[in-house]
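Student: Could you take me through the aromatic rings of this model, with a close look at how they are arranged and what lies around them?

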Amino acid sequence: MKKTIISAVVLAFLSGCGSSTEEQSTTPPQIEEQLEKSEFEFYVPSFIGKSGVLNIVEPDSNTTMNKEVADITTFTMSLDEQKRYQFKFTPSNSTITCPLEAGCGRSIRNDPNDLNGNNEIDFGEPLTAELTHQASIFSVAGVNKVIFSPFSTLMFDRGLANNRLSLTSSPVYHLTHSNQSQSLSSEYIADAISYADVITQHRIRELGSNFAQTYDIVLNETENAAWKSYQSLSNEYLRILLLDPKRSVLYSGQSALVNSRLNALFEPIVLSNENEFDADRKKALLVQLREAIGVLRLQEEKYSDELTTRFNEIEVLINQDAQRAIELLSTSILDAVLEVSPAKDSFPGRYRVNGLTIDYSDGPFTWKVSGVREGYDIEMDVVMPTWRKSASLGDKIEGSGVAKISKGELTVTLDLSDILLELDGTIDTNNSDSTTGDGIFKGTITLNQPDAELKGQVDLNVKRQLLEEQLDTIVTSFAADATLTTTSQLIPIKVYANERTPFTVDSANLAFGIELGLELNGGKDLRLQFIGDPDMLSELNQGDVFLLNNNKVMEVVLRTAGDNINLVARGEHGYWLDLKKKGKNYTGGYYLGDKQVGDIQTVRGIPGILFPDSTFESLF
């Protein structure tokens, strides 16, 4: 089947798309509609107190109310729709507890938070931290879910809109007409950022969040270490979720979207002020849809062959061989360093391990590795000058190195400025196959395929674990901020990935999120985020797509079954449409939250919206 891009898929089922001005007006009519109620739900992470006081402010009328709630996560209330509301939740018990089954690290001497006196802050024990829970949202009809986190508080404090970061039609902390997947994804993001904030406070034993202040600093100091630490800790929380047997099944299904969206929130860019909602907001999605289709349609008509080539180049570059190559490189570094090491009192010399030839020296500890694994040629030069042995804390090994792997016309090179191996214990000199732990690799990645190169910064985390009585190494997180160079393009690309099935041996089943920046005629600021398998990038019905065009965000989900098509497009301000095509018949609805404000019908083969005042507005 010929692969298509957004324009081809959408416009293929529009007969006679170039309608005359008589058939298609340019300004949507004002929709006369009766205002309804908005139903509100709320969420705070599980490690934060649930009872307390909810303060609600409606700024336009300057009205305030307070609600005593026994459990904020089960509390619901009704408010008017299409109004701006500001929420603040103050728990009656400000204690924040350790959310990790494995605990939150060592306690200090005579630590009052160490309730059982084992010198550890265990799951459920108090942390030295406090958070403020605030959010500002624009209400729509139906269910509105408000998700509190340090990020929602930051956006509230600074009066900002996060849509350009998260590529979501509504703020990432405000869900309208959402499904379980969207709700879970936003909750995981709130959990991760809240975890990062409270752990940061706890480690320095100082109450009070510095998250917002750090954001202000990073706008002028993009390499700010404190901001990067918040991001790193947030990602650490996601890796812990992935490896939690109880929570992994639910989380792994959302992991690609969560991974991409969370890291996007930490981009240090200046954001626009919180969206204003005026009388013209009802036409917002129609305008967005026309602009997006106009851009993509222009691309399809003028750049059809070129764009197909561009997307195919990315698919070929990030293929299954490239994915396996990255896994094998990290596995080989672990195998070499753990099998031949000072911990085992290895003598300098040549060794053979799992198909690899290792030339080992001890001044400093150096491994020169070559060999073949699974048909890949591997070369590595690794130096690990720092080696801490500790049975209680786990061995910690630090260093740097260069690793290269190739197969056919594929070559992947990792120039690693930082290699950190943190073991779960110490190496068993009699059975190193039982040694488990984490590998963290940071540096530069260069991925070469014929006529294509991806080069940029990489942050790779792997877990070496025992599964079904055998060692297995999985990718717990992969992040690349790079530039893609081919014969037809030079574009920024961000790639996020993690193992989708972490408890299946040799699964090599990665979940991907990819973000592209495309400067093309008619769409100079076009950004596209794709959640799905990279080899399906050019097939819109195989993944979810999030677009930023002309500084406006639109979410597009399209699914096909034979000639039947279902297109869902979500725009800003709570508007969305559901378009279904069966044969030549188009049906569906135009919605504001859960309220239908227009009916999709077909006139002369063109889908449009029939409004309550009997006016008809073509969608495209």
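Tutor: Ring pairs join Phe40, Phe42, Phe75, Tyr85, Phe87 and Phe148 into a cluster, where rings of Phe, Tyr and Trp (its six-membered ring) pair if their centres lie within 6.5 Å, and planes under 30 degrees apart count as stacked, over 60 as edge-to-face and the rest as tilted. The model is a predicted one, in which local features need pLDDT of at least 70 and side-chain atom pairs count only at pLDDT 80 or more, while totals for chains, interfaces and linings use all residues. Residues are numbered from 1 along each chain as its sequence is written, and side-chain values use heavy atoms, with hydrogens and water left out.

The structure holds 20 aromatic pairs. One of them is the stacked pair of Phe40 and Phe42, at 6.3 Å centre to centre and with 20 degrees between the planes; both Phe40 and Phe42 are buried (under 20% relative accessible area, with exposed over 50% and partly exposed in between, for a 1.4 Å probe and protein chains only).

Trp576 and Tyr591 also form a stacked pair, with 4.5 Å centre to centre and 15 degrees between the planes. Because Trp576 lies in strand E26 (residues 575-582) and Tyr591 in strand E27 (residues 585-592), this pair ties together parts that are 15 residues apart in sequence; strands (E, at least two residues) are DSSP runs, numbered from the N terminus. Trp576 counts as buried at 7% relative accessibility, and Tyr591 counts as buried at 18%.

Arg570 lies over the face of Trp576, at 5.2 Å from the ring centre, a charge being over a ring if NZ of Lys or CZ of Arg is within 6 Å of the ring centre and within 35 degrees of the ring normal. Arg261 lies over the face of Phe546, at 4.9 Å from the ring centre.

Technical notes
Helices (H or I, at least four residues) and strands (E, at least two) are DSSP runs, numbered from the N terminus.
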